[in-house]
Amino acid sequence: MADHLRPEGTGLSQSLGRIPSGLYILTVRHGAQSTGMLASWVQQAGFDPPMLTVAVKRDRFVGDWIEASGRFTLNQLATGSKALIRHFGRGFEPDANAFEGLALRDDAQGGPVLASALAYLDVEVAGQISGEDHRVFLGRIIAGDLLDLAAEPLVHVRANGFHY
């Protein structure tokens, strides 16, 4: 992208950052291992069958695991999930236990379900687009559930649209 389009504090960076999204913990299994990452670039992409897209930064090993397994799980965060945001926001190495100290459910094929999530969606990869800095996965939702009827979804906007 041209440098003149990226200056901090411009109307473009501020308006791009104001595109609202939810916050999710994307989980994925790779053989006997599993991991999770904080994800915000998620969007419903179809009704019949139900589909969604998720963007994963190109240099994250999580994208390789999604590509290899063909599945992932999205755990939707509820308002007040700051501890989970801190936990997953720092990222993990491939051999780290990303779920240490967290209660899990084994409801999904794609990855672990966080017991404290508002909801989860179990997803099968239907396609992928490689961008310059992110990979966008198109996924077919194969299962899901609302885990906390009383919780409100966490909605997120950024001050600057050119970084997290």
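What follows is a walk through the salt bridges and strand pairing of this structure.

The model is a predicted one, so local features need pLDDT of at least 70 and side-chain atom pairs count only at pLDDT 80 or more, while totals for chains, interfaces and linings use all residues. Residues are numbered from 1 along each chain as its sequence is written, and side-chain values use heavy atoms, with hydrogens and water left out.

Charged pairs come first here. Side chains of opposite charge can pair when their charged atoms come close. A salt bridge here is a side-chain nitrogen of Lys or Arg within 4 Å of a carboxyl oxygen of Asp or Glu. Searching the whole structure turns up six salt bridges.

One of them joins Arg 135 to Asp 64, with 2.8 Å between the closest N and O atoms. This pair links distant parts of the chain, as Arg 135 sits in strand β10 (residues 134-146) and Asp 64 in helix α2 (residues 61-69), 71 residues apart. Helices (H or I, at least four residues) and strands (E, at least two) are DSSP runs, numbered from the N terminus. Arg 135 also meets the side chain of Glu 67 in a salt bridge, again at 2.8 Å from N to O. Since Arg 135 belongs to strand β10 and Glu 67 to helix α2, this pair ties together parts that are 68 residues apart in sequence. Put together, Asp 64, Glu 67 and Arg 135 are linked in a network of salt bridges.

Arg 135 counts as buried because its relative accessibility is 5%. Asp 64, at 44%, counts as partly exposed, and so does Glu 67, at 49%.

Another salt bridge runs between Arg 105 and Asp 107, whose closest N and O atoms are 2.5 Å apart. Arg 105 is partly exposed at 33% relative accessibility, and Asp 107 is partly exposed too, at 35%.

Now for the strands. Two strands pair if DSSP finds at least two bridges between them. Strand β6 (residues 71-76) and strand β9 (residues 119-130) pair in the antiparallel sense over six bridges, with Gln 76 standing opposite Ala 119 in β9. Strand β9 also pairs with β10, in the antiparallel sense and over eleven bridges. Here the bridge partner of Val 125 is Gly 139 in β10. A hairpin of three residues joins β9 to β10.

Note on methods: Buried means under 20% relative accessible area, exposed over 50%, partly exposed in between (1.4 Å probe, protein chains only).
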